[in-house]
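Thanks for making the time this morning. I would like to walk you through one model, and I will give the criteria as I go.

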Amino acid sequence: MGAEALAIAAHFARTRWGSAPATRDALETHQGRALRRFLREVLPRAPMYRDRRVRDLSELPVMDKSALMGEFDARNTRGIRLEDAMALALRAEASRDFTPTIGDVTVGLSSGTSGNRGVFLVSAAERRRWAGILLARALPHALTPRLLTPWAPPIRVAFFLRANSNLYETLGSRRIRFAFFDLLAGVEAALPALLALRPDVLVGTPQLLRALAAEQRAGRLDIRPSHILSVAEVLEAQDAAAVEQAFGVRPHQLYQATEGFLGYTCAHGGLHLNERFVHIEPQWLDDAHTRFQPVVTDFTRETQLIVRYRLNDVLRLADAPCACGSPERTLAAIEGRCDEVLWLPARDSARAVPVFPDAVRRCMALAGPAVREFEVVQQGMRWHVGLAASPGAQVLVVRAMAELWARLGVRPPELVFGDWQAQDLHLKRRRVRLAQLPQGLSCTF
C-alpha cells in the first residue's frame, strides 16, 4: 500500500472507529480546541491574517463568495494568484482534462449557480484527508469488509457530475474502482459503460438519478447498486421515491460544496452536519429558529482558508434528534438557496413574508402524481408556473397554493401556467426562483 493510500486509510479509520464526541457539550469542546489551533497556527500563514492575532472567531467578519474571490490571493497560504488559478480551471473546463495542478494543489471551479463562479484550492494532504473522512461517512458498513479484504473484488463507484477533479480521483485505489461519468455527455452515452461497470455505489445529482431510474424501468439499464448517493442539488421526495422504486435502494445525501464536506446521511437515515470536522454557525431566518443560513469555518483546511463563510443555502433543522445518537445537528432538509425564497406582501400590511421553496414543493406534492415536473419563477406579483402534468393538475395546484396563502396570511399572486421545459442534466436544477420582487416590497431576514 502506497503512502497516499495509507494516509487515506488512517483518516478513514480515525473517522469510522476512532473516539468521537458523544454529547453536544463534548462536540463543542472538540470544536473549540480545533478552532484555537487553527487560529493560532494556520490563520497567520495567509497574508490577510499574518500581522493579526486572532483569539476567537467572533473577531473576524462574516464573508461570502465575492469577498473570498476579491481577496483570493490574500486568503490562501500558498501564494497562488487568482488569475493563475482561474486560467488553469478554465483550461480544464474546456479540455475536460482535470488533472493539472499548481504544485500539489488541485484547482477547481464551482458551478456558478448564483451567477458568480468561484475557484477553490485543495492540497494533496487535504485531498487525502477529505477522501478518508468522506469514505468513512458515506460508505455503508455492509461494504466495509470488501474495502478491507485484499482478495475481494474492488468496490465499483459510478460518479456522475459536471466536472471531474483530482479531489474526486483521490477516492480511487486498488480497493475502489472509481469511474467518472461526465454529465455533459448525457445519459444515453453513459449507459454502455455503466452496464459494463455494474456499480456497487451510484453517485449523482437528483435529476441524473431520476433519469437513470427511468432507463432502469424502461429496461435499457439493468444495474443493482447497493448504495446510492445524491449530491449537488436538493433531493426532493419525488426524486427519492422514483430512485427507490427503480433500484430498490433509498438514496442517501452528501452535502458537499466547494467550501467543504458539510453533511452526510447516517446509517439510520438522518442527514447530519459534519460538525466533527467543520464549525457551522447558524444565521437564523425565522423566529422559531428552524431555518438558517450556515456560516462555515473549515478548521481542517490549510491552503484556501474558509473562515466564517456564509453560504447562500437554506437549511431546516429536524424536529427531533436522529436515532443514531450523534451529537451533530440533524437536518430535516436542505431546502435550496436564499434566492429561491419567494416573497409576498402580508394581507393586512406592507410587511414582506417569505415563502420558502419547501412550501412551494409541498404544494406540488399535494397535487399528487398528476404533477410530474414543475418550475415556479416569481416576477413581482406574478408567478410563472411551468408544469409537466396530467389534465386537471392546474386545479389541484391552485387549490394547494390557495391554502398556502391563507396559512401564511399573504396577498395571493397571479398564477400564470405554461409548459415545463426540461433543462440539460449538467445544469443545476432550480425548481423555484425569484426573478423580481413585488413593487415596493423590501425583503430581509
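This is a predicted model: local features need pLDDT of at least 70, side-chain atom pairs count only at pLDDT 80 or more; totals for chains, interfaces and linings use all residues.

Residues are numbered from 1 along each chain as its sequence is written, and side-chain values use heavy atoms, with hydrogens and water left out.

Let me begin with the open sheet of three strands, whose order is β1-β2-β3 and whose pairing is antiparallel; helices (H or I, at least four residues) and strands (E, at least two) are DSSP runs, numbered from the N terminus, and two strands pair if DSSP finds at least two bridges between them. The edge strands, each pairing on one side only, are β1 (101–102) and β3 (119–122). Helix α4, residues 82–95, packs on this sheet and touches β1, β2 and β3, its direction making about 70° with that of β2; contact here means heavy atoms within 4.5 Å, and axes are lines fitted to C-alpha atoms, for helices over the stretch in contact, with angles running from 0 to 180 degrees between N-to-C directions. Between β1 and β2 (residues 105–109) there are two bridges, and I102 has V105 in β2 as its bridge partner.

The other open sheet has four strands in the order β20-β19-β18-β21, with mixed pairing. Its edge strands are β20 (414–419) and β21 (432–436). Strand β18 (residues 371–379) runs parallel to β21, joined to it by four bridges, and V376 stands opposite V432 in β21.

The lining includes K65, L68, M69, F120 and Y309, and α3 (65–70) and β3 each supply at least two of its residues.

Finally, there are 29 salt bridges, each a side-chain nitrogen of Lys or Arg within 4 Å of a carboxyl oxygen of Asp or Glu. One of them joins R210 and D239, with the closest N and O atoms 3.3 Å apart. R210 lies in helix α9 (residues 206–218) and D239 in helix α10 (residues 237–247), 29 residues apart.

Notes
On a 1 Å grid over the protein atoms alone, a cavity is a set of points where a 1.4 Å probe fits but cannot get out, and a pocket is an open set with protein on both sides within 12 Å along at least five of seven lines; lining residues have an atom within 4 Å of a point.
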